[in-house]
Amino acid sequence: MGQRNHTWTQSFVLAGFTAPGSLRPLAFLGTLCVYVLTLAGNLFIIVLVLVDAGLSTPMYFFISVLSFLELGYVSTTVPTLLRTWLWGRVPIPAAGCFAQLYVFHSLGVTECHLLAVMALDRYLAVCRPLRYHALMSREVRLWLAGATWVAGFSVALVPASLTARPPFCFREVAHYFCDLAPLMRLACVDTGWHSRVYIVVIGVFNTSNFVLILGLYGGILRVVLKLPSAASRAKAFSTCSSHMTVVALFFGSAFVVYVGSPESRSKGTDSHMALVYALLTPFLNPIIYTLRNKEVKEAVRRVTQRIRAMWKGP
């Protein structure tokens with residue numbers, strides 16, 4: 001478009017999903033139930049790890065950090081999704097839109113780094129069992145967890161600041177929250193170079209962490225296959241299977257949405273794929289990490305007994 005058409009908009013409109021009016025209340029209730037269960041499940045993991053000494057291990061420390069991250073991750077986008085189900089097209093101030101974009105991507109990049117740290121934790125537990133607790137001391141755990149947050153909120157400054165720079169000729173965002181590709185489609189100018197920067201920044205960090213995770217699990221696989229008994233191999237694999245499932249969900253959907261030019265995808269692709277990594281993954285994480293987990297079941301039993309004992313009194 002020509003420079004004469006450049007405008008500045010002080011607000012955007014989130015279009016949300018296209019659905020008949022009769023289905024919107026059902027969609028709202030379904031989303032609300034998933035949201036509440038997601039909050040409850042992740043809070044349950046955080047509280048359980050804090051109150052039960054049996055879960056005071058590096059693995060459960062990082063799982064609790066992941067659960068805390070998921071609380072913010074899902075709460076950044078789902079409230080606007082609920083609003084679009086109730087009222088359809090929802091206005092959002094430009095400042096709020098860019099803030100949502102920054103926080104969402106900060107938490108996303110943080111999760112990307114945290115999943116790599118969790119893979120490193122599993123590698124040390126399986127491949128360096130004798131030195132594991134020395135290598136993963138409390139100080140190291142806190143440093144690694146803090147580094148993932150600092151890295152996430154630093155890296156996300158690049159795409160967020162670039163997205164806020166161009167003038168916008170249109171206001172309607174074809175999404176239920178403010179994201180990179182839907183906002184770039186509203187710009188008055190060619191945003192091709194923005195897309196290339198996104199691919200470099202987000203693609204490099206996502207790919208680097210994903211390759212690191214694959215390398216660490218390759219090392220785990222080599223060690224596990226050398227174990228003498230099938231029971232030992234099954235136990236080693238069981239400690240990693242939950243994490244591998246979460247990695248597949250997170251990175252699979254993230255690569256589809258963010259690695260590639262925004263113009264190469266249809267408008268509906270972004271919002272539908274966003275449901276996977278912004279709503280479904282945070283919902284499934286507590287289930288994946290607790291289902292068939294004997295340590296968590298034992299922790300629940302111990303905490304329940306303590307509560308009953310306190311309730312009965314002396």
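Start by selecting Met136: this residue is buried, with a relative accessible area of 2%, which is well inside the under-20% cut-off for that label. Keep in mind as you look around that this is a predicted model. Met136 sits in a loop, with helix H4 (132-135) on one side and helix H5 (138-155) on the other.

Met136 and Gly215 are 79 residues apart along the chain, and their C-alpha atoms are separated by 19 Å.

Next, pick out helix H8, residues 192-225. Its 34 residues reach 47 Å from the first C-alpha to the last, close to the 50 Å expected at 1.5 Å a residue.

Time to colour some segments from a record. An unreviewed UniProt entry lists residues 26-51, 60-82, 102-121, 142-162, 197-224, 236-260 and 272-291 as "transmembrane region". Residues 60-82 are 100% helix and 0% strand, with end C-alpha atoms 32 Å apart. Residues 102-121 are also 100% helix and 0% strand, and here the end C-alpha atoms are 28 Å apart.

For the last stop, go to helix H1 (residues 24-51) and select Leu50. Is Leu50 buried or exposed? Leu50 counts as exposed because its relative accessibility is 69%, and the cut-off for exposed is over 50%.

How values were computed:
Residues are numbered from 1 along each chain as its sequence is written. This is a predicted model: local features need pLDDT of at least 70, side-chain atom pairs count only at pLDDT 80 or more; totals for chains, interfaces and linings use all residues. Side-chain values use heavy atoms; hydrogens and water are left out. Helices (H or I, at least four residues) and strands (E, at least two) are DSSP runs, numbered from the N terminus. Buried means under 20% relative accessible area, exposed over 50%, partly exposed in between (1.4 Å probe, protein chains only). The expected span of a helix is 1.5 Å times one less than its number of residues. UniProt positions are given in the numbering used here, feature names are shortened, and annotations may be inferred rather than shown by experiment.
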